[in-house]
Amino acid sequence: MEQASRQGGATSPKVVVVVPTYNERENLPLLVGLLADLELANLHVLVVDDGSPDGTGDLADTIAAESAGTVSVLHRTEKDGLGRAYVAGMTRALADGADVVVQMDADLSHPADTLPLMVRTLLGDDDVAVVLGSRYVPGGALATEWGWHRKALSAWANFYVNAILRLGVKDATAGFKAWRGTALAAIDLPSVRSNGYSFQVEMNHRAIRRGLRIAEVPITFEERVHGESKLSLRVQAESAVTPWRLRFGDRGTRS
């Protein structure tokens with residue numbers, strides 16, 4: 001089992017949850033509260049705010065100041081994509097000594113109460129490098145508010161990605177993930193090119209190409225409570241093209 005201690009194994013592994021935000025002022029305090037309620041040892045939250053005009057960044061600073069060091073904020077000056085925000089946050093988390101880095105959306109679509117299971121699954125087996133919160137393994141489900149067409153689109157996206165890349169995971173587009181710090185270091189974060197939801201696909205592809213094992217645990221994916229979806233046509237177009245780019249010669253994915 002991976003040990004985080006800098007003092008002879010006495011402390012728990014440092015878990016850093018990276019949360020990109022853009023106009024998530026209503027959701028962020030709810031998410032931070034849910035994570036705090038888990039009482040997961042050595043848990044930290046890193047908010048990566050892309051200059052939210054609704055004041056999310058300022059609110060994050062207030063939450064951080066009141067958190068006794070468990071919440072920190074990385075401010076970026078412009079909104080330039082989910083992938084870039086995650087790369088910046090993950091890089092900071094690793095520099096700060098994270099043993100486990102978690103990707104988690106700020107919109108409450110990812111169930112916080114599944115996080116302890118994800119961390120236990122990751123650290124309980126030395127062969128596991130990444131754990132996905134999966135909608136498509138037994139016990140997993142999509143939001144009940146989703147219509148049939150939206151559920152069909154999600155299922156088709158996973159089929160499409162796996163048909164091209166043969167990743168061997170049920171939920172190839174999942175955004176709720178727990179990574180070993182060593183696994184992130186192995187996949188060369190600075191060279192990741194994808195910058196929308198296809199970022200998730202590229203990260204999985206890099207892990208698989210390096211022989212890293214991905215495990216999946218079931219989650220129920222919920223609809224966001226506040227705010228608007230950021231799934232633009234540009235993001236959808238990138239998601240369609242990325243699997244082909246990865247399959248045919250992206251140097252950044254080679255071992």
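Is N23 buried, partly exposed or exposed? I looked this residue up first, and at 30% relative accessibility N23 counts as partly exposed, where buried means under 20% relative accessible area, exposed means over 50%, and partly exposed lies in between, with a 1.4 Å probe and protein chains only.

**Ground rules.** I note that this is a predicted model, in which local features need pLDDT of at least 70 and side-chain atom pairs count only at pLDDT 80 or more, while totals for chains, interfaces and linings use all residues. I number residues from 1 along each chain as its sequence is written, and the side-chain values use heavy atoms, with hydrogens and water left out.

**The whole chain.** I find eight helices and seven strands in the protein chain; helices (H or I, at least four residues) and strands (E, at least two) are DSSP runs, numbered from the N terminus. Of the 255 residues, 51% are buried. Among contacts with a separation of 6 or more, 79% are accounted for by residues 24 or more positions apart, contact meaning heavy atoms within 4.5 Å.

**Two backbone entries.** I recall that most residues other than glycine have a negative phi. N23, in the loop between β1 (15–21) and α1, has a positive phi of about 55° although it is not a glycine. R166, in the loop between α5 and β6 (177–180), likewise is not a glycine and has a positive phi, of about 50°. I looked up its accessibility as well: R166 is exposed, with a relative accessible area of 69%.

L165 lies in helix α5 (residues 148–165) and is buried, at a relative accessible area of 11%. I also checked L165 against N204, and the two are 39 residues apart in sequence and 10.0 Å apart in space, C-alpha to C-alpha.

**Helices α1 and α2.** I see helix α1 (residues 28–37) pack with helix α2 (residues 56–65) at an angle of about 30°, their axes 10 Å apart; axes are lines fitted to C-alpha atoms, for helices over the stretch in contact, and angles run from 0 to 180 degrees between N-to-C directions. The two helices are therefore roughly parallel to each other, since angles under 35 degrees count as roughly parallel, over 145 as roughly antiparallel, 65 to 115 as roughly perpendicular and the rest as oblique. On the α1 side L28, P29 and V32 meet T56, L59, A60 and I63 of α2.

**Helices α3 and α7.** I find that the axes of α3 and α7 come within 8 Å and cross at roughly 50°, and these helices are therefore oblique to each other. L82, G83, Y86, V87 and M90 in α3 meet F199, Q200 and M203 in α7. These residues divide into six nonpolar, two polar and no charged.

**The aromatic pair.** How many aromatic pairs does the structure hold? I find one, where rings of Phe, Tyr and Trp (its six-membered ring) pair if their centres lie within 6.5 Å, and planes under 30 degrees apart count as stacked, over 60 as edge-to-face and the rest as tilted. Y86 and F199 form a stacked pair, 5.8 Å centre to centre with 5° between the planes. Y86 lies in helix α3 (residues 82–95) and F199 in helix α7 (residues 198–209), so the pair ties together parts that are 113 residues apart in sequence. Y86 is buried at a relative accessible area of 0%, and F199 counts as buried at 0% relative accessibility.

Methods. Nonpolar A, V, L, I, M, F, W, Y, C, P; charged D, E, K, R; others polar.
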